[in-house]
Amino acid sequence: QMEAEDVASAELVGTVLKQMSEGMAIEIVNDYINTLQAEGHGVQLLTASTNQTIFDRIADQAEYMSDKGIPEDGRALIISPKTRTLLSKSDDFIKASDMGQTMLAKGQIGEIAGFNVFVDNHMGKNIEFIALHGTYVAQVIELAVPPYMADLTNSENHVGKNDAIKMREVYEHKVLELEAVVVADNFPSEMFLTSVKGSGTI
């Protein structure tokens with residue numbers, strides 16, 4: 001039978017591990033988005049999208065991917081919060097709430113032009129959306145050092161609860177097919193134009 005102190009310790013460990021995992025998850029997502037932005041095919045939008053133009057621009061990228069032989073099944077669209085607002089006013093956008101709980105559980109907010117739609121708050125300032133097929137983006141995540149309790153017996157510094165538990169996770173992302181990742185940006189910044197491997201304008 002576990003003593004009260006052991007139970008409290010176990011609960012603390014569980015809480016800390018959950019917090020650490022959530023923190024790592026955010027870092028991994030950010031790295032994934034950064035990789036897509038840096039290695040995808042850049043499309044410069046000459047003007048910011050509006051309620052009237054957003055669907056056609058997304059549909060154009062769906063057609064582009066079809067022309068390049070990218071499968072329709074499994075396509076995804078990562079959008080900015082601003083683009084989400086535009087799509088919410090579009091009759092062509094199918095909300096996840098109308099598609100069932102499975103989509104909501106996966107974090108999907110809807111579907112448009114054959115793309116499963118997700119929102120991310122960490123894309124570049126002027127990036128409206130990233131159209132992609134996940135099969136062509138490699139992702140490796142490995143727990144290099146499993147969680148362990150650090151020995152703080154001789155530590156003289158202030159110790160928080162996250163200092164007592166350590167772990168290390170390594171991850172890497174890589175775009176395998178340029179045409180399978182399209183990054184749409186509405187501002188022709190030098191940073192954007194030099195960071196993508198290919199570019200075009202619409």
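Analyst: A residue is called buried when its relative accessible area is under 20%, exposed when that area is over 50%, and partly exposed in between. The structure above is a predicted model.

User: Why is alanine 131 called buried?

Analyst: Alanine 131 has a relative accessible area of 0%. The limit for a buried residue is under 20%, so alanine 131 counts as buried. This residue is found in strand S6.

User: What makes serine 80 buried or exposed?

Analyst: The relative accessibility of serine 80 is 11%. Because buried means under 20%, serine 80 counts as buried. Serine 80 lies in the loop between S2 and H3. Along the chain, serine 80 and aspartate 120 are 40 residues apart, while 5.7 Å separates their C-alpha atoms.

User: How do you know that lysine 174 and glutamate 39 form a salt bridge?

Analyst: In general, side chains of opposite charge can pair when their charged atoms come close. The term requires a side-chain nitrogen of Lys or Arg within 4 Å of a carboxyl oxygen of Asp or Glu. In lysine 174 and glutamate 39, the closest N and O atoms are 3.9 Å apart. This distance is within 4 Å, and therefore the pair is a salt bridge. A search of the whole structure finds 1 salt bridge.

User: Which parts of the chain does the pair link?

Analyst: Lysine 174 belongs to strand S8 (residues 165-175) and glutamate 39 to helix H1 (residues 4-39). These are distant parts of the chain, with the two residues 135 residues apart.

User: Why is glutamate 39 called buried, and why is lysine 174 called partly exposed?

Analyst: Glutamate 39 has 15% relative accessibility, which is under 20%, so the word buried applies. Lysine 174 has a relative accessible area of 38%. That value falls between 20% and 50%, so lysine 174 is partly exposed.

User: What makes aspartate 91 exposed?

Analyst: The relative accessible area of aspartate 91 is 83%. Exposed means over 50%, so aspartate 91 is exposed. Aspartate 91 is placed in the loop between helix H3 (81-88) and strand S3 (94-95). On the surface, aspartate 91 gathers with Asp56, Asp60, Glu63, Asp67 and Asp92 in a patch of negative charge.

User: Why is glycine 114 called partly exposed?

Analyst: Glycine 114 has a relative accessible area of 45%. This lies between 20% and 50%, which means that glycine 114 is partly exposed. Glycine 114, too, lies in the loop between S4 and S5. Glycine 114 and glutamate 72 are 42 residues apart in sequence, with their C-alpha atoms 6.9 Å apart in space.

User: Which residues of the largest nonpolar core touch the most other members?

Analyst: They are Ile58, Leu77, Leu87 and Val117, in a core of 22 residues. Elements giving two or more residues to this core include helix H2 (54-67), strand S2 (75-79) and H3. The largest share, 5 residues, comes from H2.

How values were computed: Residues numbered from 1 in each chain as written. Predicted model: local features only at pLDDT ≥ 70, side-chain atom pairs only at ≥ 80, totals over all residues. Heavy atoms only, no water. Patch = residues over 30% accessible without salt bridge, like charges linked within 9 Å, V, L, I, M, F, W, Y side chains within 5 Å. Areas by Shrake-Rupley, 256 points an atom, 1.4 Å probe, with all protein chains shown as cover. Lys, Arg positive; Asp, Glu negative; His and termini not counted. Charge placed at Lys NZ, Arg CZ, Asp CG, Glu CD. Helix = DSSP H or I, 4+ residues; strand = E, 2+ residues; numbered from the N terminus. Buried < 20%, exposed > 50% of the residue type's maximum accessible area, 1.4 Å probe, protein only. Core = buried A, V, L, I, M, F, W, Y, C linked by side-chain atoms within 4.5 Å.
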